[in-house]
Amino acid sequence: MNFHFFGNNKAIDLVNTESAAASGTTDLLASQEALSDWFEEAGIACGIQCSDKDLEETRELRSAMRRIFDRVQESKSAAPGDLDLLNRRSNEMVRLLSAANNNFKISVRLNSSTDILAMLASQCCELLASNRLGSIRKCASTKCTYYFFDTSKNQQRQWCSMETCGNRHKMRKHYDRSRGDSS
Ligand SMILES: [Zn+2]
């Protein structure tokens with residue numbers, strides 16, 4: 001499966017498993033196996049068995065996160081129902097304290113899809129409250145609906161990926177210029 005991990009944030013990467021372009025919606029999480037593969041390829045957890053309910057809950061969280069990001073882009077308030085869902089999910093996150101010879105460590109339990117969604121929802125909450133809303137941006141291509149968190153120093157990142165949208169833009173510019181030269 002061709003998942004994208006250019007979001008610089010796992011919650012954003014989850015949102016990017018769906019492309020909602022005008023040409024049609026593509027859902028990369030089309031099956032329970034695909035969800036399990038995504039958890040693995042995202043570097044979150046291996047061998048998670050996912051049920052239909054897990055898939056449904058993932059899509060529900062993903063849609064809520066996308067709607068919140070969309071509202072942020074439009075400088076509109078997020079819908080209360082979407083915030084509720086995000087809060088509900090993130091409050092399911094389980095932290096575990098472990099100790100090896102009094103070396104204490106806190107980790108997040110990631111044993112099930114529910115655990116993982118809780119962690120992703122929590123990451124999304126932290127991102128939204130991080131005071132860096134301006135760095136959560138949509139790809140500059142009008143045909144693309146992917147999001148990314150701009151971690152570049154000059155905050156000038158425009159494209160989801162240079163290999164796709166960035167490259168298409170470069171080619172178009174080149175084409176326009178070469179046409180301009182010949183006339
Ligand atoms: Zn793009």
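**Figure 1. Asn8 in the segment before helix H1.** In this predicted model, Asn8 is placed in the segment that precedes helix H1 (10-15). The phi angle of Asn8 is near 60 degrees, a positive value in a residue other than glycine. Asn8 has 17 C-beta neighbours inside 10 Å and therefore counts as partly exposed.

Figure 2. Asn131 is found in the loop between H5 and strand S5 (136-138). Its phi angle is near 70 degrees, again a positive value in a residue other than glycine. Asn131 is exposed, because 7 other C-beta atoms lie within 10 Å, and a residue with 12 or fewer is classed in this way.

Figure 3. Strand S1 (residues 18-21) and strand S2 (residues 24-27) run antiparallel and are joined by four bridges. Within the pair, Ala20 stands opposite Thr25 of S2. As a general point, side chains in a regular strand alternate between the two faces of the sheet.

**Figure 4. The packing of helix H3 against helix H5.** Helix H3 (residues 52-73) packs with helix H5 (residues 113-128) at an angle of about 5 degrees, and their axes are 10 Å apart. H3 is therefore roughly parallel to H5, since angles under 35 degrees are described in that way. On the H3 side, the contact is made by Asp54, Glu57, Thr58, Leu61, Met65 and Ile68. On the H5 side, the residues are Ser113, Leu117, Ala121, Cys124 and Leu128. Sorted by class, the contact of H3 with H5 contains seven nonpolar, two polar and two charged residues.

**Figure 5. The largest nonpolar core.** This core has 33 residues, of which Ala11, Val15, Met65, Leu120, Ala121, Cys124 and Tyr147 touch the most other members. At least two residues of the core are supplied by each of H1, helix H2 (32-41), H3, helix H4 (80-90), H5 and S6. The largest share, eight residues, comes from H5. In soluble globular proteins, nonpolar side chains tend to be buried together.

**Figure 6. The surroundings of Tyr147.** Tyr147 is among the core residues that touch the most other members. Neighbours within four places in sequence being left aside, Tyr147 is in contact with Gly7, Ile12, Val15, Asn16, Phe69, Ile136, Arg137 and Lys138. One of these contacts, Val15, is likewise listed among the core residues that touch the most other members.

Figure 7. Residues up to four places away in sequence not being counted, Cys160 touches Phe6, Cys139, Cys144, Tyr146, Phe148 and Cys165. Phe148 is 12 residues from Cys160 in sequence, and the two are 6.3 Å apart in space, C-alpha to C-alpha.

Technical notes: Residues are numbered from 1 along each chain as its sequence is written. This is a predicted model: local features need pLDDT of at least 70, side-chain atom pairs count only at pLDDT 80 or more; totals for chains, interfaces and linings use all residues. Two residues are in contact if their C-beta atoms, placed from the backbone, lie within 7 Å. Axes are lines fitted to C-alpha atoms, for helices over the stretch in contact, and angles run from 0 to 180 degrees between N-to-C directions. Angles under 35 degrees count as roughly parallel, over 145 as roughly antiparallel, 65 to 115 as roughly perpendicular and the rest as oblique. Ala, Val, Leu, Ile, Met, Phe, Trp, Tyr, Cys and Pro count as nonpolar, Asp, Glu, Lys and Arg as charged, and the others, Gly among them, as polar. A residue is buried if 20 or more other C-beta atoms lie within 10 Å of its own, exposed if 12 or fewer, and partly exposed in between; C-beta atoms are placed from the backbone. Two strands pair if DSSP finds at least two bridges between them. A nonpolar core is a set of buried Ala, Val, Leu, Ile, Met, Phe, Trp, Tyr and Cys residues joined through C-beta atoms within 7 Å.
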